Amino acid sequence: MEVISIKGTDDTPSVTMDKDNGIFLIQGRSLPEDVTEFYGPILNWIGEYGEDPNSETVMTFKLEYFNTASSKVLLDVLLKFEELKDKTDVNIKWCYREDEEDIMEAGQEYEDIVELPFEYKECDEDWNEK
Amino acid sequence: MARIAANQDFLEFAYQLYHTMQANEINLVYEGVVTQEITKTFTAMTEKNMVKAEESNQVQRKVFNVMVECLQNISKHADPMTDDDDEERRGIVLVSHGEESYNVITGNVVKRSKREGLEKSLEHINSLDKEGLSALYKQQIKEGHISEKGGAGLGFIDIAKKSGNKIDYQFKDLTDDLCFFILITTISRN
């Protein structure tokens, strides 16, 4: 299936959705002017992936900052994966940089809403796990 | 002669502005159209200043966060002074800092008919503690939708959550239909 590979900018994250290599990653900053335009194709991709998913899916978030409009669409991303949980073993890997408690707490709020297992990883400035 | 006098007034104004900014430790003042480009530029400028001032990562992130929400509020929700709804959204932006806190102050024109709704929502948010804000945020993110303007209805809740302080605000009547809405957010430095 087609691979999504988007390079990050100062207001949009880098995104990799690669079924064959099992890489599902959203990383960086997200404060686009039009969240629907940016995330629409990603949501569609997840829908298509659901037709024939891998046995295991680890969706990784390495977010530095996201605005409230993005937070709503990121919930949509999580809910899309939640829909697939009977077809693939979905795990959410929620990474946050040290001292970024607000980002960690945002992950916990998502965990309260969606029925998916979350794993939290504290990382250094360059997103290496500690 | 008139021109020289006008120039003199302008110089006086510029000097007063400089003096007031210095005295009140104001880092940024702007009046004009607020776009995504302006939002990115101002947040980047403020970030740079905070790095220079060796501000903690957490405070930097909170100020950045509040600025983005306040500026995107203007670019999405400010009402124009005229009936032309396509007119670009404008407002004022002021960022200052003192020993104990950063202040982000924004102001924009809104229809007087929106005032009651804004007051109600801000009063409700100000009445909540951290857990209450988190519960309201989760409720709104589940039930809300991205509006035509591209907002999620979460901005004020997020500003209150991230700043950890009550949101201060004021309305000043401009005309029979319009008022000026001022929003003051304080982010503690410790």
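Select chain A to begin: with 130 residues, a compact globule would have a radius of gyration (taken over C-alpha atoms, the rule being 2.2 Å times the number of residues to the power 0.38) near 14 Å, and chain A agrees, because its value is 14 Å. What you see is a predicted model, in which local features need pLDDT of at least 70 and side-chain atom pairs count only at pLDDT 80 or more, while totals for chains, interfaces and linings use all residues. Residues are numbered from 1 along each chain as its sequence is written, and chains are lettered from A in the order in which they are written.

Helices (H or I, at least four residues) and strands (E, at least two) are DSSP runs, numbered from the N terminus.

Now select residues 35-49 of chain A, which form helix α1, with 15 residues and a reach of 21 Å from first C-alpha to last, close to the 21 Å expected at 1.5 Å a residue (that is, 1.5 Å times one less than the number of residues). Within α1(A), show V35(A), Y39(A), I46(A) and Y49(A), its buried residues, where buried means that 20 or more other C-beta atoms, placed from the backbone, lie within 10 Å of a residue's own. These buried residues pack against α2 (68-83) of chain A.

Definitions and conventions. Buried ≥ 20, exposed ≤ 12 C-beta atoms within 10 Å, placed from the backbone. Contact = placed C-beta atoms within 7 Å.
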